[in-house]
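Here is a short briefing for a reader new to this structure. Look over the sequence and the model, then read the points below.

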Amino acid sequence: MRPAVLRHWRSVSFTVRFTAVLAVMTVLIVSAPMLVVIGQARTLALSHATTEAQLFSALLDDQRNAMGVYAADVAAQLTALGATAADTDIVRAITEDSVSATPGDVIGVVGVTTHIAATGGVVVDPPLTAMLAAAAHTKVPTVAIAGGVPWIVASAVIGESRGDVVAARRLAGRLVPDVVLVRDGTVLAAGTIAGGDTAAGVSLPAELANVVATPNRAQVISLAGHDVAVVGVDAGGGVRAVVSTAATGISDIDPAALLLGALTLVALLAVVVVVQADLHRPLRRLERAAAALAEGDFEAPMPHNLGDDAVGHLAATFEQTRRQLRAMLRASRARASIASEMNSPQPLRSALQHVCGILVSETSATAAMITVAGSEGGPAYAVTSSRHQIDAEALLHGDGVIAAAFGHARDGVKHGVSTDPGLVRAGFATLLAVPIRVGSKALGVVVVGNPPEDAPDGAADIAASAAEQVALVLERYRILAVVERQASTDDLTGLHNHRFFADHLSQQLAIAQRQRRSLSVLMLDIDFFKKLNDTHGHRAGDRALEEFAAVLTGSVRRSDLAARYGGEEFVVVMSDTSAGDAAQVAEKVRHAVEGLRVDIGDGEMVDFTVSIGAATYPDDSDTGDDLMALADEALYVAKRTGRNRVVSAGKKKEPPRTGAGALLRSSD
């Protein structure tokens, strides 16, 4: 049979044979590759739609996780306020947290009180408030609907039965290109299907009903005369996301291309090459990178050399999304790590040292530093990741970037170049400085050295989160210091009270016994104080006590402890002080008081004197109780023998001194 075909083929004219060969070649070269391209395009469209659906799901899960971490972090802060915290304190804390929230987010508390706030502390509308409160109470799925708008909702329980923290973020339909959000056959948020815009509130085309009913399965359907690859994604709460991309079909081919096949043979071959080089391969690279992103790998960058076309723009969009998600993930991870360090049982400076290490790790910077301003608790100091010695006072009050952040706390983040040689040596050539503040009061500055240029916002967010948590801890330390000082200080005189004195005497006596050193105690009593009160009133008595306390403090060493023992009685504990030295100090005090004149108002002046008893360890006694008893007995002798005098326990039988002390008025 084959020879017969060949004979007939050879018998046909050259023109016919040439025409036939050319026609076959045209069909084979044009039609076959065209059909192959169509098949590849449809397969690629399905793969692309599947990849974008996976990316949408991954981005949605990451946002849910971020909201959960955010709600848990805020709940932990509210729990730290304690069961006695007023509702106004909880509302204020929620409002402050909302200021640092991502724009568009909502944060609130539901329970004993209900308060929902948007970014910046703006209270959201009642319908949304009711929806979020119900979501937190009933633990509904993380996606809810309020007024036709999808929201991501997460909640966390506040300790001490104070209710729940609820955080919400509007579910953006444009997390990936070509996506719409639907529920019950209605479009919830405006989006696009294969490049065509779809408005909110319209009914979903009937062709997509099967796609919505069978999520996570890519299909090619005909929509408005065009083939479209679509995938449905279950977003939770009855909400479905429809992800789509255009697919090439037979109906899209121009018939004129078949008639001109012979003349466009070379061009068609070139097109195939171009398609392979500029579309298929870049999309495959982008697909692999997007798959890694969908699996949670936010460190591998997207391909960056895909050109300036749609594929290149898509890669750039994915890269921007990757960086944002990486920054969000790092910020959440850093926030949790910093919170753990700041709440762990360790010295404050050790915690700050560890926080600096976290800042370096999470921001990819070369160094980090936390400077704390001076306060009643001590002078200013700085803690760095490299343990370099830094003059915190000079940095906070100088003229550089750190001083600018500290002095203008309301302006937020400051960037700049370091001009301080010490900072440059410590690894701070360029600086990112964030003030540590409570309200408008600056407590210090968090500094990141040489942050990466490709992610300045991420580093700033992490530094701001660290500054916020450090501020809370510093404020807590300040409050504890104030409470402790108030518990150990006499309100009127500013001296330590009896309780603090007793503990101090016991400690100093133990040190004196261990080091075999002397320790002296002075008991002081203002002469005729009752008469001063009866004659001039208690305001005059209080004024006299204040002035006496000031004289007493100025007459003893800074290492000595002056305290109010009770009423008009005072006591001084002097470590490493012999009996003779104690007597000299007592005489110094007595003489200073004798020359004191106190203005009690309306130009009226009063004066008074003081009697002092002294006792010394180990000369007079080896126990604290006996030492106080001997000093008190010596004070009694000083009172009984004329007042305005000093009597030491070892010299109580000394004859009364003459002079001013012998002419004092009758007893108190």
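A residue counts as buried when its relative accessible area is under 20%. That cut-off is needed for one residue below. The model is predicted.

**A buried threonine**
- Thr-371 sits in strand E13, which covers residues 367–372.
- Its relative accessibility is 0%, so Thr-371 counts as buried.
- Leaving aside residues up to four places away in sequence, Thr-371 touches Tyr-381, Ala-382, Leu-396, Ile-402, Ile-436, Leu-443, Gly-444 and Val-445.

**A five-stranded sheet**
- Five strands form an open sheet in the order E7-E6-E12-E11-E10, and the pairing is antiparallel.
- Strands E7 (186–189) and E10 (219–223) stand at the edges.
- Each of these two has a single partner strand, so one side of each lacks a neighbour in the sheet.
- From one strand to the next, the twist averages 45°.
- Strand E10 pairs with strand E11 (residues 226–236) in the antiparallel sense, over five bridges.
- Gln-219 stands opposite Val-230 in E11.
- In general, strands of a sheet pair through backbone hydrogen bonds.

**Two crossing helices**
- Helix H15 spans residues 529–536, and helix H16 spans residues 538–555.
- Their axes come within 6 Å and cross at roughly 135°.
- H15 and H16 are therefore oblique to each other.
- From H15, Phe-529, Leu-532, Asn-533 and His-536 take part in the contact.
- From H16, the partners are His-538, Ala-540, Gly-541, Ala-544 and Leu-545.
- By class, the contact of H15 with H16 holds five nonpolar residues, four polar ones and no charged ones.

Technical notes: Residues numbered from 1 in each chain as written. Predicted model: local features only at pLDDT ≥ 70, side-chain atom pairs only at ≥ 80, totals over all residues. Heavy atoms only, no water. Helix = DSSP H or I, 4+ residues; strand = E, 2+ residues; numbered from the N terminus. Buried < 20%, exposed > 50% of the residue type's maximum accessible area, 1.4 Å probe, protein only. Contact = heavy atoms within 4.5 Å. Pairing = 2+ DSSP bridges. Axes fitted to C-alpha atoms, helices over the stretch in contact; angles between N-to-C directions. Parallel < 35°, antiparallel > 145°, perpendicular 65-115°, else oblique. Nonpolar A, V, L, I, M, F, W, Y, C, P; charged D, E, K, R; others polar.
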